[in-house]
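Me: Pick one part of this structure and give me a close look at it. Start there and follow whatever it connects to, without a tour of every residue.

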Amino acid sequence: MIEIRDGLTVDEYHDLRRSVGWNIKNIHIVENAIKNSVIIKKAIYDNKVIGMGRVIGDGLYYLVVDVVVDPKYQKRGIGKKIIDEIIKEIENRTEKGQSSSINLMSMGGKEEFYEKCGFTKVPFGYTGYGMIKRIEK
């Protein structure tokens with residue numbers, strides 16, 4: 001049975017990034033990123049972390065980052081469970097009569113997954129395109 005829990009270690013973070021071919025980040029930067037995340041969810045199966053989702057935010061706006069499921073466990077609804085738990089926690093944090101925005105930048109080809117989780121492609125209605133600026137040294 002898949003279990004969703006809070007928290008994440010640097011090793012778990014790096015193991016999941018490696019599993020999907022993403023580059024490994026500086027340990028001190030990852031420690032800081034984990035510490036400054038407002039929500040972290042991880043999927044555990046057979047005592048092994050097989051998925052994660054991390055959120056940064058300020059209570060008005062939330063940004064979902066680092067959503068990863070080990071390829072050996074993809075296509076089993078684990079990513080959706082992680083996103084559903086993140087959404088549920090943000091709903092619980094949003095006070096009655098107020099609103100919050102959950103934003104994300106989808107990896108190419110994963111937009112349909114996020115649409116199934118209730119997200120809408122940008123632009124729509126009053127919004128413009130999502131924007132990004134990367135800084136690389």
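Reply: A quick word on the labels first: helices are DSSP runs of H or I with at least four residues, strands are DSSP runs of E with at least two, and both are numbered from the N terminus. Keep in mind, too, that this is a predicted model.

I'd pick β3. Seven of its 10 residues are buried, so β3 is largely enclosed by the rest of the structure. On one side of the pairing, β3 runs antiparallel to β2, and seven bridges join the two. Ile 40, for instance, has Arg 54 of β3 as its bridge partner. β3 also pairs with β4, again in the antiparallel sense, this time over six bridges. Arg 54 turns up here as well, standing opposite Val 65 in β4.

Now for the turns. β2 and β3 make a hairpin with two residues between them, and Asp 46 in that turn has a positive phi of about 55°. Asn 47 sits in the loop between β2 and β3, and its phi is positive too, near 60°. Asn 47 is exposed, with a relative accessible area of 76%. The hairpin of β3 and β4 has three residues between the strands, and there a glycine, Gly 59, takes the positive phi, near 100°.

If you carry on past β4, Lys 75 lies in the loop between β4 and α3. Lys 75 is another residue other than glycine with a positive phi, near 70°. Lys 75 is exposed as well, at 84% relative accessible area.

Ile 86 shows how things meet: beyond its neighbours within four places in sequence, Ile 86 is in contact with Ile 39, Lys 41, Gly 53, Val 55 and Val 64.

In α1 (residues 10-19), the buried residues are Val 10, Glu 12, Tyr 13, His 14, Leu 16 and Arg 17. The cover over them includes β3, along with α2 (27-35), β2 and β4. After α1 comes Gly 21, with a positive phi near 80°.

Val 122, Phe 124 and Tyr 126 form a nonpolar patch on the surface, with about 360 Å² of accessible area together. Phe 124 belongs to the segment after α4 (111-116), and at 38% relative accessibility it counts as partly exposed. Pro 123 is in that segment after α4, and the peptide bond joining Val 122 to Pro 123 is cis, with omega about 5°.

Notes. Residues are numbered from 1 along each chain as its sequence is written. This is a predicted model: local features need pLDDT of at least 70, side-chain atom pairs count only at pLDDT 80 or more; totals for chains, interfaces and linings use all residues. Side-chain values use heavy atoms; hydrogens and water are left out. Contact means heavy atoms within 4.5 Å. Patches are made of residues with over 30% relative accessible area and no salt bridge: like charges are joined within 9 Å, nonpolar side chains (Val, Leu, Ile, Met, Phe, Trp, Tyr) within 5 Å. Accessible areas come from the Shrake-Rupley method with a 1.4 Å probe; for residues, only the protein chains shown count as cover. A salt bridge is a side-chain nitrogen of Lys or Arg within 4 Å of a carboxyl oxygen of Asp or Glu. Buried means under 20% relative accessible area, exposed over 50%, partly exposed in between (1.4 Å probe, protein chains only). Two strands pair if DSSP finds at least two bridges between them.
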